[in-house]
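Keep the 3D view open as you read.

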Amino acid sequence: MAKNKFFNRNVVSIRDFNSEDFSYLFDITDKIQTLKSKERGEIAKGLILGYVFYEYSTRTRLSFESAMASIGGRSLGISDVDSSSIMKGESYADTVKTISLYSDVVLVRHPSDGSSRYACEISDKPVINGGSGSEEHPTQAMLDIYTIFKEKKKIDGLSIGIIGDLKYGRTVYSLIYALSNFKVNIHLISPEILKIRDESIYDITNKVDMHNHVELSDELLNKLDVIYVTRIQRERFPDLQEYNKIQGLYTIDEKILAKSKSDISILHPLPRVDEISPSIDSTPNALYFKQASYGKELRAALLSSLLHEEPF
Ligand code: NCD
């Protein structure tokens, strides 16, 4: 087995990992699912995942908790800052410090860019970025490319569309950085005001084939093997009037599906609002709930690899 380069590492940016690291993690993710539950339950016995979420979360927090439980560990943390000493004026730094005293690995989500990097300076336990502002969400990208790999059996050679809020969507940035390790064609589809922030991807533009579009045209749909749909990040808009103008602009529904390749894979980090019609949920193309369930397995593999030099 390849060497575990995740042991004791911070997972702050997906840029710190490469295709070798991804194949290692995918391998561990596959293997962890074949372990007997008794063996799996020994991996993190006596170990604790601590977390603090300064923003809402459903899947990230619950999949991490479920992953930690499945490897025999426990989780504790703050999911609702209103019920913590943060309301008494306690700083982010002191909150992270305290959680790191009570746990073996620390998961943080915060609305500011750079918040996870900062947490690493405070915590003496490995830090996992569970979403930092509109900057990054590295473990989401890991499970996104794991999902693509499981479905398509490859990543190289695919045409991947990313549609929606490319300006504020942090999952988009982590995904593009992750994909820049592969030979893919990326098609970015968004209204002009939600275009990708060029300054955040300038260093990979020469590494990966990327095209910008405003329309999800029939010609483009015909090319795509995967479409990654994102929610318009209402909470990050400085001006809600701007949000109202573009809300509901693209909706992936039966009509779009009918014009696409028959085996197009539809991914979404979730939550969705109105950008994917529930009427396509039962089609074989709709992978978003499978993706969410892979999230638990991949995060179990990641936690095992962070906590032990030999995960199992
Ligand atoms: C995303 C996030 O928080 O960035 N959700 C998630 O973790 N799966 C996407 C979003 O909120 O739109």
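This is a predicted model: local features need pLDDT of at least 70, side-chain atom pairs count only at pLDDT 80 or more; totals for chains, interfaces and linings use all residues.

Over the ring of which residue does the charged end of arginine 197 sit? The ring belongs to tyrosine 173, and the charged end lies 4.0 Å from its centre.

A pair of aromatic rings is described by the distance of the centres and the angle of the planes. The structure holds twelve aromatic pairs. One of them joins phenylalanine 22 and phenylalanine 182. Their centres are 6.4 Å apart. Their planes meet at 20 degrees, so the pair is stacked; the cut-off for stacking is under 30 degrees.

Phenylalanine 22 lies in helix α1, residues 19–32. Phenylalanine 182 lies in the loop between α7 (170–179) and β6 (185–189). The pair links distant parts of the chain, 160 residues apart. Phenylalanine 22 has a relative accessible area of 0%, so this residue is buried. Phenylalanine 182 has 14% relative accessibility and counts as buried too, because the limit is under 20%.

Next, look at tyrosine 146 and tyrosine 294. This pair is edge-to-face, with 5.1 Å from centre to centre and 85 degrees between the planes. Tyrosine 146 is in helix α6 (residues 138–152), and tyrosine 294 is in helix α12 (residues 288–307). They are 148 residues apart in the chain. Both tyrosine 146 and tyrosine 294 are buried. Together with Phe26 and Phe149, Tyr146 and Tyr294 form one aromatic cluster.

Key
Residues are numbered from 1 along each chain as its sequence is written. Side-chain values use heavy atoms; hydrogens and water are left out. Rings of Phe, Tyr and Trp (its six-membered ring) pair if their centres lie within 6.5 Å; planes under 30 degrees apart count as stacked, over 60 as edge-to-face and the rest as tilted. Helices (H or I, at least four residues) and strands (E, at least two) are DSSP runs, numbered from the N terminus. Buried means under 20% relative accessible area, exposed over 50%, partly exposed in between (1.4 Å probe, protein chains only). A charge sits over a ring if NZ of Lys or CZ of Arg is within 6 Å of the ring centre and within 35 degrees of the ring normal.
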